[in-house]
Amino acid sequence: PEGLWLDSDLQACVAQACQSAGQPAARLDLLLDERVVAARPDDIAVQLQAVRETGARVTLVGLTRGAGSLSWLARLPLTAVRVDAARVHDLPLRETAHVLVRALVQLAAEHRQLVWAEAATTPSQRRALRDAGVVWAHAGASSPSDEGPGAERAVAAPAAALARRSTATLA
């Protein structure tokens with residue numbers, strides 16, 4: 001929820017949740033919707049920095065502003081960016097979707113951020129993601145930390161090193 005990111009001490013919430021669960025913050029993946037960032041980007045940047053200091057990971061999701069979405073990668077201390085289902089669906093069908101995902105991958109790599117995709121259900125989608133340089137894709141997971149059966153990873157060596165995860169290869 002937007003209020004969690006904007007109106008609370010998210011660093012303290014993360015620390016408390018991790019302590020209650022008996023897990024280190026490094027095991028936590030927080031998903032941040034781009035609409036929340038767009039509402040108050042400077043406030044979000046401060047919150048993100050504090051959350052990242054706990055060791056938690058933050059993934060930006062809901063990229064709907066096209067090229068405008070790419071600017072968040074340079075401005076925010078993100079761990080990863082998710083290519084959402086609608087964009088994955090369009091990849092084999094529209095060259096513009098492929099161009100946007102390639103640009104996303106290149107910019108994310110400059111900032112040592114992982115790019116992963118959700119809802120990659122067909123071989124043509126997985127092939128298009130691999131060709132664009134996406135590191136990790138899954139048919140339905142909400143985070144690359146869900147490495148159960150079906151987790152898949154492209155064979156992009158630099159990005160794989162960033163991910164530091166052991167998953168299967170995209171076919």
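**Note on the salt bridges**

1. Glu95 is exposed, with a relative accessible area of 52%. That value falls in the exposed class because the class begins over 50%. The model is predicted, and the figures below should be read accordingly.

2. The partner of Glu95 is Arg102: their side chains form a salt bridge with an N to O distance of 3.4 Å. Arg102 is partly exposed, at 29% relative accessibility.

3. Asp43 has a relative accessible area of 37% and is partly exposed. Arg40 is partly exposed as well, its relative accessible area being 34%.

4. Arg130 and Asp131 form a salt bridge in which the closest N and O atoms lie 3.8 Å apart. This contact still counts because the cut-off is within 4 Å. Arg130 is partly exposed, with a relative accessibility of 27%.

5. Arg82, Asp84 and Glu118 belong to a network of salt bridges. In this network one Arg is joined with an Asp and a Glu.

6. How many salt bridges does the structure hold? The total is nine.

Technical notes
Residues numbered from 1 in each chain as written. Predicted model: local features only at pLDDT ≥ 70, side-chain atom pairs only at ≥ 80, totals over all residues. Heavy atoms only, no water. Buried < 20%, exposed > 50% of the residue type's maximum accessible area, 1.4 Å probe, protein only.
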